[in-house]
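Please read it with the structure open beside you.

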Amino acid sequence: MGSARLYLAVAARGFRRYASYRAATAAGVFTNTVFGLILVYTYLALWDERPDLGGYDQAQAVTYVWLAQCLFAALALQGGGVETELMERIRTGEIAVDLYRPADLQLWWLAGDLGRAAFQLLGRGVVPFLVGGLFFPTALPTRFDTWVWFAVALALAALVSFGIRYLVALSVFWLLDGTGVNQVLMILGVFFSGMVLPLNVFPGVFGEVARALPWAAQLQVPADVLMGETAVAGAFAFQAMWAVLLLAAGRLLQSAATRRVVVQGG
Amino acid sequence: MRGRMHTTAGPGPGAGPEAFIALDRVEKVFDVRRRKGLLRRERHQVRAVDSISFTVARGEMVGYIGPNGAGKSTTIKMLTGILTPSGGRLRVAGIDPSRERTRLAHRIGVVFGQRTTLWWDLPLIDSYKLMRRMYRIPGARYRENLARMVELLDLGDLLEVPVRQLSLGQRMRGDIAAALLHDPEVLYLDEPTIGLDVVSKTRVREFLRQVNAERSTTVLLTTHDLQDIEQVCSRVMVIDHGRLVYDGALAGLHEVGESERTLVVDLERERPPVEVPAPARVVRVEGARQWVAFPASESAAGLVARIAERYPLVDLSVREPDIEAVIAKMYAERAGRASTQSS
Amino acid sequence: MAERGAVLEGLRAYRLIAGMWVRSGMTYRASFVVTLFGNLVMTGLDFVGILLMFSQVDSLAGWSLPEVAFLYGASVTSFGLAHLAAGSMPQLGSRIRDGSFDVLLVRPVSVLAQVGGDRFSLRRLGRIAQGGAVLGWALVAADIDWTVSKALLLPLMLVSGAVIFVAVFVAGAAFQIYAQDAAEVQNAFTYGGTTMLQYPPAVFGKDLVRGVTFVLPLAFVNWVPAAHVLGRPYPLALPGWAAFASPLVAAGCCALAGLAWRTGLRSYRSVGS
């Protein structure tokens, strides 16, 4: 009970910390809206040529664009969540201090990242989504329970997102410099989460593979849940599987890294 | 030169044709916007520097001190042309810094204690080669200056070391050398000894005295360390709330601030407080060690002799007053005087 | 004459600063290779996205794949050149916040040149190489009716486009002097701009096309010259000579960006940080 309160406090701190960057948030909202605008026109042109592409109609494609802009910062699809700070702490050796904290390292950073994600969803995500909904034809559900399932899908997506980035951050224990892995994370994240193009448009075996990767659990699955394009139970199972796998791998890597720090004496 | 409290604005001591740095009622006002409530914002003005006047003669070494936010770095930024004054007249070597920033840059050297001008990943010497080309230093002059810096600052073994591998003290020495390669007539140092160990501090101070003696470079430094002033500067200026509140010798500052030094004596064994003549007094006793406070303006020698002739001493040391304490005391006094005047 | 001297001095300072950063970058060879490759893949995936689109359709708003590839190649190459030359300007805000901007101000050379050359890195060549490769393919694959004027227009387009993007970077840097934390806004114009230009103008709403033609004239980076080269109707029915107006537009952008930079710098020095 006591430790639950601790992690809640850590999450609240993460939320407040990102909430304090007002100008940056406003700038992010603007940029996401502009990118949404550019993408929505290209999608409209694409769906003009091939209505029903990837099983979406035009309104669904538009909804997908704005959802992607809405979740871009919250799910840190391109990186830029708490893992940047974690990498820096590992690089400078300050991580040794964290290891002495009476809290679990992974849960600690997860709580902070969820707090961040919550703020960025509200602060950065809502406005582009509303702009999209106001000026373009969208396909939003009218049933209340669909929105509840969507919220669950988002929560699972946040876990998967953290799971990936935590693994990447811990790799700095061995690589010492995070620039390279960060870039790999950015590339894979943007492409395989479906920021460029919805994954259901990817053709053939390539598409099958892309839709099975963990990045699919972040944007494509919540989008399909929101627009009723997938069975909810199967979607949750897919997301939960990746969340469990990634977080477990994170724990394994974490204990290896901890041993390493202890052996090296910090 | 006797210190004095500034009560009115006007040209400071040393005004005259030889003045190298001259400030005449210089002001810097910042517009600060503060959030009031969700959307409303309140604008108000902050006078970071409020009608400051002083002159510095060529070759002087001046300490510029004051609490954080008093206007020290704003003044330095105006002197280097980084900031434009809101009012008043400011000249360095006859140049208006903010109007002719690049021309002035050739004649001044600046060391920011917290930020380096050196290239982090490259050997120290590479940064110097860049300085040479950026400032267009003639080859012979560059080689001569570099050799002298290397000798005085003991940089010989460091020239080929990447800057990121230097210790803080080594990096600071490297930065100071970088600021002097182009023979500047004035050197500004912002907290040059912050974070350095005792040996490095001593070396930096010694170096500054030497450069000043050899080239009569004018030195203006801000610091939190009273020893910097004591060992380097003949003159000290104190700024608070954007105003110059003291300009004169360090000894005078102690007098004005009525600060106290502390004599720490280790006796043979535990004893009751030693007897000392007023105004000196024992402020603390801990086992065989006792702390005796006495006015900073007085010599410690008499006091030491007096204690030594009555009590068997094992060891003793004198602690200098901390600059913050001196200034704090001075401010408290000014505030007190002001309130009696106004009532 | 004095103006010209200042420009030459600025270029010299730029070369000095950029040279130092190149040498700095070379001290981490492994990281250099990785990020060079990363840059290549990163921008390449944008094109993979376009290829994926064309795996499902034969044309986009009436433009074929080679034609879109032409737009893509021109946009990415121009932007890549600008990014190589001034790609660290978006980080001016952090330089101001941590105080290292002041260090640049006490040096006897142009501040703009120093900010432009800041953290200069050859790894940014990856983007240019990738954009150039796509453009090269497009030139072969597209059905172009070559004339001398079209051949001359090609390099003119790339250089003018790069200059227009540099002007956007400079204006963005000036903006950051006022709003250091809002640095991301300029991404909408730089990265957003180069993304938009990868698609045919016919894709976008009329007002959006008007905006990027007359307000922020990104259309002159590739849309208008490409219309001439590919023999397609000009966006907004612009007159025929408009395809050759890119250098003029670029010069105008530079003048305005220079003005913005000067104003910004003056305000920094009177307002402080």
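**Notes on selected features**

1. Leaving aside neighbours within four places in sequence, Asp113(A) is in contact with Gly81(A), Val82(A), Phe162(A) and Arg165(A). This is a predicted model, and each point below should be read with that in mind. Asp113(A) belongs to helix H6 of chain A. Is Asp113(A) buried or exposed? Asp113(A) has a relative accessible area of 1%, so it is buried. Between the C-alpha atoms of Asp113(A) and Ala240(A) there are 18 Å, and these two residues are 127 residues apart along the chain.

2. Helix H6 (residues 105–135) of chain A also packs against helix H2 (residues 22–49) of chain A. Two packed helices are described by the angle between their axes and the distance between the axes. For H2(A) and H6(A) the angle is about 35°, and the axes are 9 Å apart. The crossing of H2(A) and H6(A) is right-handed. On the H2(A) side, the residues that meet H6(A) are Thr25(A), Gly28(A), Val29(A), Asn32(A) and Thr33(A). Their counterparts in H6(A) are Phe119(A), Gly123(A), Arg124(A), Val127(A), Pro128(A) and Val131(A).

3. Chain B has an open sheet of 4 strands, in the order S12-S13-S11-S14, with antiparallel pairing. Which strands are at the edges? They are strand S12 (281–286) and strand S14 (313–319) of chain B, each of which pairs on one side only. From one strand to the next, the twist averages 20°.

4. The pairings in this sheet can be taken in turn. S12(B) pairs with strand S13 (residues 289–295) of chain B in the antiparallel sense, over 5 bridges. Here Arg284(B) stands opposite Trp291(B) of S13(B). S13(B) also pairs with S11(B), again antiparallel, over 7 bridges; Glu260(B) stands opposite Pro295(B) in S13(B). S11(B) and S14(B) are antiparallel too, with 6 bridges, and Leu263(B) has Val318(B) in S14(B) as its bridge partner.

5. In a regular strand the side chains alternate between the two faces of the sheet. How many of the 8 residues of S11(B) are buried? The count is 6, and S11(B) is mostly covered.

6. Helix H9 (residues 300–310) of chain B lies across strand S11 (260–267), S13 and S14 of chain B, and runs at about 25° to S11(B). The buried residues of H9(B) are Ala300(B), Leu303(B), Val304(B) and Ile307(B). What covers them includes S11, S13 and S14 of chain B. On the other side of H9(B), Ala301(B) and Glu309(B) are exposed.

7. Some backbone angles deserve a check. Most residues other than glycine have a negative phi, and most peptide bonds are trans. Asp52(A) is not a glycine, yet its phi is positive, at about 75°. Asp52(A) sits in the loop between H2 and helix H3 (58–74) of chain A. The relative accessible area of Asp52(A) is 54%, so this residue is exposed.

8. Leu236(C) is another residue, not a glycine, with a positive phi, here about 60°. Leu236(C) is in the loop between helix H12 (223–230) and helix H13 (246–271) of chain C. With a relative accessibility of 24%, Leu236(C) counts as partly exposed.

9. Pro279(B) is in the loop between S11 and S12 of chain B.

10. The last point concerns cysteines. A disulfide is a covalent bond between the sulfur atoms of two cysteines. A search of the whole structure finds 0 disulfides over all chains. Cys253(C) is in no disulfide: the nearest cysteine sulfur belongs to Cys254(C) and is 7.1 Å away, while the cut-off for a disulfide is within 2.5 Å. Cys253(C) has a relative accessibility of 15% and so counts as buried. Cys70(A) is also buried, with a relative accessible area of 8%.

Technical notes. Residues numbered from 1 in each chain as written. Chains lettered and ligands numbered in written order. Predicted model: local features only at pLDDT ≥ 70, side-chain atom pairs only at ≥ 80, totals over all residues. Heavy atoms only, no water. Pairing = 2+ DSSP bridges. Helix = DSSP H or I, 4+ residues; strand = E, 2+ residues; numbered from the N terminus. Axes fitted to C-alpha atoms, helices over the stretch in contact; angles between N-to-C directions. Contact = heavy atoms within 4.5 Å. Buried < 20%, exposed > 50% of the residue type's maximum accessible area, 1.4 Å probe, protein only. Left-handed = near helix turned anticlockwise from the far one by under 90°.
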